[in-house]
Amino acid sequence: MRNAILLGTLALGLSACSVTVRPNLGLQGSGSNLITSFRPDRGEGSTYAVGESVRFVVSTRSAGYVTLIALQGGEASTIVRNAYVPAGTTVFPRAQDNQVYTVGAPRGLQRVRAIFTRVRPTSDLVLRGTFDDGRWNATSTAYLQPYAVEDRDVQETYLYIR
């Protein structure tokens, strides 16, 4: 009887909870804490309509270079390549970029990664085409391998497109 009451109370308590599913944030290559924050301008997990503009806010502990890559509906793309940022907060697109990031189809979850290195990257990370989680992770990891763990970081955020 006491077990039934305990289970009933637990079930009632859990029924009031909401479950949030987050994309893979256990990223390989992230061995330091150089990126302190990375999110879309409306906040992580926010919703944007097709045709709306989105900006990404990146905060870093030191100056370095940022690459932003996106995965949406299995299609990967590079948003920013090796952009120099000072320590502190940078919003992409920056004024000097003369760009607007417009949200497009397909609708659903879009994952975006910020890859940071303290030293200027010796190569560009250009993504185009179809990627699954394995290839997405392997590409990010391979890009970061030449850099010392203390000189690199990678963080991921997400948004929804309706």
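Of the 162 residues of the chain, 41% count as buried, where buried means under 20% relative accessible area, exposed over 50%, and partly exposed in between (1.4 Å probe, protein chains only). The model is predicted: local features need pLDDT of at least 70, side-chain atom pairs count only at pLDDT 80 or more, and totals for chains, interfaces and linings use all residues. Residues are numbered from 1 along each chain as its sequence is written, and side-chain values use heavy atoms, with hydrogens and water left out.

**Overall architecture**

- The chain has two helices and nine strands; helices (H or I, at least four residues) and strands (E, at least two) are DSSP runs numbered from the N terminus.
- Along the sequence, these elements follow the pattern α-β-β-β-β-β-β-β-β-α-β.
- Among contacts (heavy atoms within 4.5 Å) between residues at least 6 apart in sequence, 76% join residues at least 24 apart.
- The accessible surface of the chain comes to about 8800 Å², of which 52% belongs to carbon and sulfur atoms; the areas come from the Shrake-Rupley method with a 1.4 Å probe, and for residues only the protein chains shown count as cover.

**Sheet and helix packing**

- Six strands form an open sheet with mixed pairing in the order 2-9-7-4-5-8; two strands pair if DSSP finds at least two bridges between them.
- Strand 2 and strand 8 (128-130) are the edge strands, each pairing on one side only.
- Strand 7 (residues 108-117) pairs with strand 9 (residues 152-161) in the antiparallel sense over 10 bridges, and Gly108 stands opposite Ile161 in strand 9.
- Helix 2 (residues 133-144) lies across strand 4 (64-72), strand 5 (75-85), strand 7, strand 8 and strand 9, and runs at about 15 degrees to strand 7. Axes are lines fitted to C-alpha atoms, for helices over the stretch in contact, and angles run from 0 to 180 degrees between N-to-C directions.

**Aromatic pairs**

- The structure holds five aromatic pairs. Rings of Phe, Tyr and Trp (its six-membered ring) pair if their centres lie within 6.5 Å; planes under 30 degrees apart count as stacked, over 60 as edge-to-face and the rest as tilted.
- The ring centres of Phe38 and Phe56 are 6.1 Å apart and the planes stand at 35 degrees, so this pair is tilted.
- The pair links distant parts of the chain, with Phe38 in strand 1 and Phe56 in strand 3 (residues 56-60), 18 residues apart.
- Both Phe38 and Phe56 are buried, and ring pairs link Phe38, Phe56 and Tyr101 into a cluster.

**Gly43**

- Gly43 is found in the loop between strand 1 (35-40) and strand 2 (47-48).
- Gly43 is buried, with a relative accessible area of 16%.
- The C-alpha atoms of Gly43 and Leu159 are separated by 8.2 Å, although the two residues are 116 residues apart along the chain.
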